[in-house]
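The sequence and the coordinates are shown first, and the discussion follows.

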Amino acid sequence: MPDHSKNLRKLIFISIFFTGFIQISAQSLNNPSFIPFDTLVNFFERQYRVKLYFKPEWFKNKRFHSSVEQLGQAEIIGIMQNACNCSAVTIDSSLVVFVLSQHTIDTIHRGSDDYEIIGDLAEYGKYSRGTIKGTILDGKTGEPLIGAGVYVAKTNTRAVTDQKGHFNITLPVGDYEVKLSYIGYEDNTAKIKLCGNGFATFEIVEKSIKLNEVIIVADRNNNLQNTQMSLIQLDRRSIRELPVTLGETDIVKSISLLPGIQNTGEFGTGFNVRGGNADQNLILIQNVPVFNPSHVFGLESVINPDGVMGVSLMKAGIPAKYGERASSIMDIQMGTNNTDQVMIKGGLGLINSRLSIDIPFLKNKVNLLMGGRSSYSDWLLHRMPDVNLKNSTANFYDFNFLMNIIVNANNKLNIFGYNSNDKFGLNKTTTYDYGNTLGSLAWNHNFGDKLASNLVLGISKYNFSTSEFNAFQSSTSYKIRSSTLYNSLKWNLHWSPFEKHIVDFGINGIYYSIKPGDLYPFNEESLVESINVQQQRAYESAAYFGDNIRITPRFNAELGIRYTFYAQVGPGNRFVYDNNYSKSPATVTDTLFFKRSEVMKEYSGLEPRVSLRYSLNDSSSLKLSYTRHQQYINLISNTSVMVPSDVWQISNSFIKPLVCSQFALGYYHNFNKNAIEASVEIYYKKLINIVEYKNGAQVLLNKHLETDLTNAEGYSYGMELYVKKNLGKLTGWLSYTYSRSKRRTTSLEISEQINSNQYFSSAFDKPHNLVMVTNYHISRRWRCGGTFNYITGRPVTLPESQYLYKGFELINYSDRNKYRLPAYHRLDVYVTLEESLWKKKKWKTSWTLSIINLYGRKNAYSVFYQQTKPASSFNAQFQQYGFYELYIIGNPLPTLTFNFTF
Amino acid sequence: MIMGKIVRLFIVPVIISMMVSSCFRSYDPEIEKTQALLVVDGLITDQSATYHVSLHYSNSFTGTKEYKAAESAKITIADNIGNVYALAGGSNGLYYTDSTKFTGVPGRSYTLHILLSGQQYESAPQLLPVSETTDTIYGEYTTREVLMADAYGGYFTFTENVLQICMNFKSQNDSIQGIRLTPTFVNEDLYVVNTPTTSTTTYCCSIVSQDDSRAVNITDEAYQLKVPEINHHIVGSFVLHDGPSPYLQIVSLSRYLLNNESYRYYKEIKTQLTAEGKLFDPITSQLSGNITCKSDPSRCVLGFFEASAVTNCGYALKPNYTQARKVKLGAPFPLSECITIDFNLPASLQNKIPEWWIY
């Protein structure tokens with residue numbers, strides 16, 4: 001008999017052995033996945049942006065299986081509770097306090113043994129220095145705080161948070177007290193134990209969450225500490241406090257209330273910075289420029305404020321990282337730090353409404369933010385009694401989305417998209433249609449602790465079209481289209497090689513493709529001959545290097561250099577004009593043809609950037625800057641304001657790049673622990689190769705546009721006084737700017753001269769600009785405020801003499817911009833009611849009633865003349881001219897808006 | 001329903017207040033008084049006629065409407081083959097050519113020379129175009145909205161019936177140039193007054209004035225068509241108060257074929273005369289004349305020296321017919337003898353068909 005039982009026993013023994021072996025091996029293999037409590041805490045705080053408070057001795061020697069990191073927030077807290085036999089109390093969704101069952105919250109405090117562990121406590125002593133990659137958030141909303149201050153007195157080291165609330169600070173390992181400060185919050189100090197490189201998240205709350213010593217509040221002194229001067233930074237909270245226009249916060253219009261910045265009036269696209277044209281401002285949304293930043297011909301900006309995380313506007317001392325425009329850079333970052341739950345925000349207004357949705361998912365590794373606005377004036381127009389208005393159309397919309405993907409601790413992706421459209425149609429005959437489309441893909445990568453990379457692929461397109469259709473005369477109906485396309489690839493690197501150096505360097509590449517205007521027959525019945533103005537193409541590339549150096553604790557310098565190279569390329573042709581005559585279509589002597597990608601004209605240049613900051617003491621500093629910018633694209637306009645049909649024109653053989661050099665000096669002083677900020681800045685700008693239009697210029701569909709343009713140079717200078725109150729029930733600012741801006745043509749040809757080449761006031765030469773903005777918190781629910789603005793009248797050209805020709809009484813005008821419109825001043829007020837401040841209430845709503853132009857000032861927007869008596873082509877009758885001024889908002893204009901958050 | 005109430009009670013008034021909020025009002029700026037500038041108004045054509053050049057001075061914008069004449073100037077016109085023609089006159093600033101000695105020749109370029117008060121002025125050479133354009137004229141019965149002011153400062157609109165006169169132009173070349181028209185619209189009227197004892201027939205005519213938009217009547221450049229034609233150019237209109245006129249309607253027309261510079265100048269005039277201060281109107285600018293001061297280039301000179309091919313013709317439209325026929329206009333219309341309501345015309349004109357009456 002075979003010994004089956006023996007074989008079976010062997011088999012069972014072997015199975016048990018191997019099973020046991022496998023289990024033991026598994027444990028051995030996985031043993032390194034048991035992580036210490038400190039590691040788990042760091043992971044948890046980073047992942048969920050929740051601060052944990054506990055006594056370290058409760059978790060001494062406690063280790064947790066690494067798989068716990070895959071669990072959700074609540075499960076991890078549960079495991080921690082079990083490990084220390086404690087309870088956990090969550091406060092404000094942002095703090096979790098562990099308490100032993102016999103303690104109450106009131107007795108929890110941070111004693112002398114309580115400190116934040118940064119790095120791995122197990123490795124304390126292994127490293128001599130550590131870098132803290134920190135974030136400061138609003139403890140109530142979880143939003144990052146821009147410009148919050150970090151100060152370590154022991155090493156006299158300072159840092160300021162960036163647009164995402166991040167800061168880096170390198171210290172020797174050890175124990176420190178870190179002072180955190182932010183405007184509008186109370187002071188506090190956090191104790192840390194730096195063991196090595198690590199992350200830390202601090203939260204500052206506006207109202208005190210009393211956990212005894214655990215109060216983190218701050219005040220802000222970044223206006224003193226930043227090396228860069230003439231910088232305006234707005235975070236989400238600041239944006240909410242901005243003056244309300246038509247019931248909604250308008251970032252562009254509000255920015256124009258700050259010193260050195262002017263808008264073009266109630267109507268009009270864009271804004272002017274220190275005497276520069278509106279096209280000298282680069283407005284970036286998620287690193288991509290927008291070419292027409294206005295809806296409704298300037299009544300509202302294209303930026304939906306709900307999705308904006310932060311705005312930076314640089315008027316001087318612009319770092320080498322930025323270029324492309326001569327006067328300013330407005331950098332708008334969209335985003336959110338919401339990782340908990342779906343949030344819905346919106347507002348219902350009289351003309352338009354808006355809605356945004358914030359969705360975190362995939363264990364908070366992905367966040368999707370979508371927002372949109374739309375007007376509904378069409379259905380109102382269709383209800384008007386007037387036939388022309390009934391058949392007219394006027395509407396706009398904009399939509400944006402941003403997806404943030406956290407791939408891992410060192411890699412993040414952002415995908416951004418934006419689309420807007422405005423459409424106006426008058427009585428179904430004339431229509432205007434324009435819109436922006438933006439997109440960007442950004443990859444953020446950390447090469448270790450010292451080097452970070454940001455690679456952005458971007459696209460921006462602006463389209464404009466107009467059509468003229470006459471049902472009774474369809475043979476002459478036509479359409480006109482133009483477009484501007486901008487493609488870019490930008491690679492920016494941020495490097496902290498040594499303690500006192502922060503280096504930014506990188507390369508940018510841009511491709512422009514502009515269709516200035518094409519005319520088409522409207523339909524098959526139209527006999528209009530097509531006109532195609534030559535498409536323009538160009539490449540612009542740049543390489544830059546900048547170093548922010550802490551020379552001494554009081555003296556900082558930011559030195560940079562940017563080299564740009566520009567080439568206009570074919571296919572295309574270039575006219576050659578007779579040098580003996582002024583350029584005109586009649587003086588073309590030759591036409592040169594260029595094939596695809598052949599260089600038609602190239603330019604290059606160096607753009608040095610120097611910014612210096614000297615801290616006189618803790619509450620005051622001096623700053624100085626010099627920058628040089630080259631701009632290769634201009635907006636050609638011969639109207640008093642930018643209009644959608646204005647043509648973008650790149651530099652070519654006839655139009656040289658605009659070059660701007662600016663010196664600026666500023667003194668900054670804060671009072672009462674930064675509760676009041678004050679500054680005075682003076683500046684001088686010199687510009688060459690300004691593009692001016694000749695008298696009677698035709699801008700649209702002009703195949704010889706260079707014959708209607710002339711070269712000019714100019715300068716502007718000014719002084720800006722600014723005082724801002726940040727704390728208390730009453731907040732706001734007062735600013736006064738004195739500035740001048742002059743131009744002159746340089747051509748020897750009389751037909752190309754304006755005012756015989758003498759200096760004349762530019763359209764933005766408005767010497768006095770006074771702004772007062774106030775916000776008053778009447779109670780926790782009621783808030784009111786107002787804005788008063790006074791500006792010297794805009795320069796205008798007026799008739800000075802009259803004469804007869806063929807029986808018509810005609811007008812001869814003065815030198816350009818010799819006269820001025822009456823001064824502009826206006827008072828806007830608002831009152832807001834927050835319906836509920838209950839934290840736990842899901843729906844939060846508010847009502848805002850605002851009145852624009854409270855005392856009904858009729859501010860002249862432009863001046864024109866009209867004949868008051870009909871002219872006859874037969875009889876040489878003298879006509880009387882009447883002078884009139886046009887105003888846009890002549891009466892108080894109330895609006896009511898309902899805002900909600902869910 | 002509730003939404004509708006909200007709209008009616010609140011939203012619509014606010015929207016309307018926005019729309020009427022923007023407006024314009026009188027403005028009285030302080031304008032500097034400036035030096036008077038020389039104004040040149042000259043025209044030569046291809047017709048055998050006396051050509052005129054007018055020299056006057058401009059006046060301050062807020063000054064009187066009297067324009068001082070520039071007398072005692074020496075003016076000549078030179079063509080591009082060396083001929084020079086002197087102008088005579090000078091009184092009241094009017095200078096004229098001798099029609100027996102000088103007639104403009106299409107295809108030649110002409111330059112105006114002026115010597116006045118020690119200063120030399122010269123025009124850019126002007127090409128006199130060759131007239132190779134044909135035209136047809138016709139009428140369209142249509143309606144139009146008219147805006148009128150009432151006695152209380154308000155406005156109202158009403159609809160009126162009009163006979164709109166249109167022209168088509170066709171060129172024998174590949175392209176068509178700009179055309180300027182100076183039309184005169186005349187209604188022929190016949191009145192028969194019957195009394196128990198007499199019957200009086202009176203033949204009259206009356207001018208039909210045109211609205212502002214026709215002040216400078218030039219063809220629309222807007223955009224070239226695929227064929228060298230300009231169609232449906234509106235010349236003017238007859239208002240039909242009581243329906244179509246029972247009698248002829250006459251259009252007396254001078255048609256100027258313009259060169260490029262002249263066309264551009266008239267276009268600028270039209271822009272200036274019809275400017276309404278719209279938000280997106282181009283910024284005001286000087287009219288680009290073609291006269292410069294050679295002896296002092298910094299001296300500004302206004303006006304224009306024009307060389308155009310002209311055709312003078314008349315058209316008549318029969319009642320209820322839209323097709324016009326060319327008519328020869330003999331004696332000019334005696335507008336000073338037009339009918340008055342009380343028929344107080346000289347007996348010599350009663351019951352008598354006048355020479356100018358067109359059938």
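Predicted model: local features only at pLDDT ≥ 70, side-chain atom pairs only at ≥ 80, totals over all residues.

Does Asp765(A) count as buried or exposed? Asp765(A) counts as buried, because its relative accessibility is 0%.

## Salt bridges

A search of the whole structure finds 23 salt bridges over all chains. In one of them, Asp765(A) pairs with Arg820(A). This pair links distant parts of the chain, 55 residues apart: Asp765(A) is in the loop between strand S47 (760-761) and strand S48 (768-777) of chain A, and Arg820(A) is in strand S53 (residues 819-820) of chain A. Arg820(A) counts as partly exposed, because its relative accessibility is 28%.

A further salt bridge joins the side chains of Arg373(A) and Asp398(A). Arg373(A) belongs to strand S27 (residues 366-375) and Asp398(A) to strand S28 (residues 393-408) of chain A, so the pair ties together parts that are 25 residues apart in sequence. Arg373(A) and Asp398(A) are both buried.

In chain B, Arg264(B) forms a salt bridge with Glu268(B). These two residues lie in helix H2 (residues 260-274) of chain B, 4 residues apart, about one turn of the helix. An α-helix has 3.6 residues a turn, so residues three or four places apart point the same way. Arg264(B) is partly exposed, because its relative accessible area is 40%, and Glu268(B) is buried, because its relative accessible area is 13%.

| Salt bridge | Closest N to O distance |
|---|---|
| Asp765(A) and Arg820(A) | 2.9 Å |
| Arg264(B) and Glu268(B) | 3.7 Å |

Salt bridges also form a network, which links Arg274(A), Lys315(A), Glu681(A) and Glu720(A).

Arg743(A), in strand S46 (residues 730-745) of chain A, is buried yet has no salt bridge. The nearest side chain of opposite charge is that of Glu692(A), 4.6 Å away. A polar contact of 3.5 Å does join the side chain of Arg743(A) to that of Ser741(A).

## Chain A and its helix H2

Chain A has 8 helices and 58 strands. It has 902 residues, of which 57% count as buried. Among its contacts between residues at least 6 apart in sequence, 66% join residues at least 24 apart.

Helix H2 of chain A covers residues 37-48. Its 12 residues should span 16 Å at 1.5 Å a residue, and the end C-alpha atoms are 16 Å apart, which agrees. The buried residues in H2(A) are Phe37(A), Asp38(A), Leu40(A), Val41(A), Phe43(A), Phe44(A), Glu45(A) and Tyr48(A). Their cover includes strand S1 (34-36), strand S2 (51-53), strand S3 (63-65), helix H3 (73-84) and strand S6 (116-118) of chain A.

## Nonpolar cores

How many residues does the largest nonpolar core have? This core has 47 residues, and those with the most contacts inside it are Val40(B), Leu55(B), Ile75(B), Leu112(B), Ile114(B), Ile165(B) and Val251(B). Apart from neighbours within four places in sequence, Leu55(B) is in contact with residues including Val40(B), Ala70(B), Ile75(B), Tyr95(B) and Ile114(B). A second, separate core of 33 residues includes Leu242(A), Val252(A), Val302(A) and Val771(A).

## Backbone features

Most residues other than glycine have a negative phi, and most peptide bonds are trans.

Ser597(A) has a positive phi near 65 degrees and sits in the loop between strand S38 (588-594) and strand S39 (599-617) of chain A. For Lys806(A), phi is positive and near 50 degrees. Lys806(A) is placed in the loop between strand S51 (799-805) and strand S52 (808-813) of chain A, and it counts as partly exposed, because its relative accessibility is 24%.

The peptide bond from Gly570(A) to Pro571(A) is cis, with omega near 15 degrees. Pro571(A) is in the loop between strand S36 (555-569) and strand S37 (572-577) of chain A.

Conventions. Residues numbered from 1 in each chain as written. Chains lettered and ligands numbered in written order. Heavy atoms only, no water. Expected span 1.5 Å × (residues − 1). Buried < 20%, exposed > 50% of the residue type's maximum accessible area, 1.4 Å probe, protein only. Contact = heavy atoms within 4.5 Å. Lys, Arg positive; Asp, Glu negative; His and termini not counted. Salt bridge = Lys/Arg side-chain N within 4 Å of Asp/Glu carboxyl O. Polar contact = N/O pair within 3.5 Å; in protein donor to acceptor, adjacent residues only side chain to side chain. Core = buried A, V, L, I, M, F, W, Y, C linked by side-chain atoms within 4.5 Å.
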